[in-house]
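Reader: I am new to protein models. Could you walk me through this one?

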Amino acid sequence: MKPAHPRLIPIINTARCTGCGWCVPSCHLHLLSLEVEHGRKTSVLHDADTCTGCRKCAAKCPFGVITMGERDAELTVMPPESR
């Protein structure tokens, strides 16, 4: 039986994200967008529960700042301590 939600979701390292936007159109569910915070544009995952874990955003990121991580961590951005 398939789990209700995939275990892996995109983890965006906002400290390294350039805000290029390549990942945004790769999401067929439109769960990624660019947002400005502290004068920097970065990618943001919205509604992680809807994410299918397809990995298209991670594959499209030219800088490798999107990795797939455990859904149980409930963390969609790298914490400031790891920057």
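Reader: What percentage of the 83 residues in the protein do buried residues make up?

Author: Buried means under 20% relative accessible area, exposed means over 50%, and partly exposed lies in between (1.4 Å probe, protein chains only). Here, 33% of the 83 residues are buried. This is a predicted model, where local features need pLDDT of at least 70, side-chain atom pairs count only at pLDDT 80 or more, and totals for chains, interfaces and linings use all residues. Residues are numbered from 1 along each chain as its sequence is written, and side-chain values use heavy atoms, with hydrogens and water left out.

Reader: Which elements does the protein have, and how do they run from the N terminus on?

Author: Helices (H or I, at least four residues) and strands (E, at least two) are DSSP runs, numbered from the N terminus. The order in this protein is β-β-β-α-β, giving one helix and four strands.

Reader: How do I read a salt bridge, and which side chains meet in one?

Author: Side chains of opposite charge can pair when their charged atoms come close. The term needs a side-chain nitrogen of Lys or Arg within 4 Å of a carboxyl oxygen of Asp or Glu. In this structure there is one salt bridge, joining R7 and E70 at 2.6 Å, N to O. The two partners are 63 residues apart, with R7 in the segment before β1 and E70 in strand β4 (residues 66-70).

Reader: Is R7 buried or exposed?

Author: R7 has 53% relative accessibility, so R7 counts as exposed. E70 counts as partly exposed because its value is 34%.
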